[in-house]
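Dear colleague,

Here is the structure I promised to hand over, and below it are my notes on what was found. Please read them with the model open.

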Amino acid sequence: MAPNESKPYWNTNVARHPDILRAVPAGCAHALDVGCGDGLLARKLAGRAEHVTGIDTSAEMIARARERLNATFVQADFLTADLPEPGYDFLCSVTAIHHMDFDAALTRMRELLKPGGTLVVVGLALDSTAPDRARRIATAPAVKVVKLARRAHGPDGMPAAQATMTYGQVRTAAQRILPGVRYRWHVLRRYSLTWTKPLD
């Protein structure tokens, strides 16, 4: 681990952490972080949930996560991993769902969530319309300034993948899989999905 990676860092994914933490329900017993990376968010979740589980396909990231926090970290494919169903009061995923089949991943997240539990997904998508492109151009200067001011960076070795779905496709699919989901576009080129699973 590089010396600066043992300390908290900031980037456009970390920028969403405060909103995610605010969404953790009171009395949360079990939380799951899908695509947990090096465990930075899991460490923060540990202050709001009795037990935190992180899952990631990267052996390197899971090893770093275990150095950060004494919690349950699983190196596995989220879509096929043996996880309790439904087993979580809170489930989150930050910029990981575009590494997976979107529909399959969101459906599995829904199934793993306990009734009354909360799901928060932060993701990347593609500009596909004139308003999308105009919004990106209009916010680009502010994004650049914020990244420079905050010295944005992340841990070396973090797996990367290109988004393949557009913002419109993400919103349509999410509304179909998670009826009543709240979709938001964020200035730092991320979208978020927030959903509470109905009680039985």
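The largest pocket has a volume of about 730 Å³, where a pocket is an open set of points on a 1 Å grid over the protein atoms alone, at which a 1.4 Å probe fits, with protein on both sides within 12 Å along at least five of seven lines, and the volume is the space filled by probe spheres set on the points, which are joined across faces, edges and corners. Of the 33 residues that line this pocket, Val94, Thr95, His99, Met158 and Pro159 are the closest to its centre; a lining residue has an atom within 4 Å of a point. Strand 1 (30-34), helix 2 (40-45) and strand 2 (51-56) each supply at least two residues of that lining, helices (H or I, at least four residues) and strands (E, at least two) being DSSP runs numbered from the N terminus.

This is a predicted model, in which local features need pLDDT of at least 70 and side-chain atom pairs count only at pLDDT 80 or more, while totals for chains, interfaces and linings use all residues. Residues are numbered from 1 along each chain as its sequence is written, and side-chain values use heavy atoms, with hydrogens and water left out.

Threonine 95 lies in the loop between strand 4 and helix 4 (102-112) and is buried, with a relative accessible area of 12% (buried means under 20%, exposed over 50%, partly exposed in between, with a 1.4 Å probe and protein chains only).

The second largest pocket has a volume of about 200 Å³, and its lining includes Val143, Lys147, Tyr167 and Arg189. Arginine 189 also has a positive phi, of about 60 degrees; this residue is found in the loop between strand 6 and strand 7 (190-196) and is partly exposed, with a relative accessible area of 35%.

Val143 leads on to helix 5 (residues 130-149), whose buried residues are Asp132, Thr139 and Val143 and pack against helix 6 (167-177) and strand 6 (182-186), contact meaning heavy atoms within 4.5 Å. Helix 5 bends by about 45 degrees at alanine 140, with proline 141 following within four residues; the bend is the angle between axes fitted to the seven residues ending there and the seven starting there.

Finally, the peptide bond from glutamate 85 to proline 86 is cis, with omega near -15 degrees, and proline 86 is found in the loop between strand 3 (72-75) and strand 4 (88-94).

Best wishes
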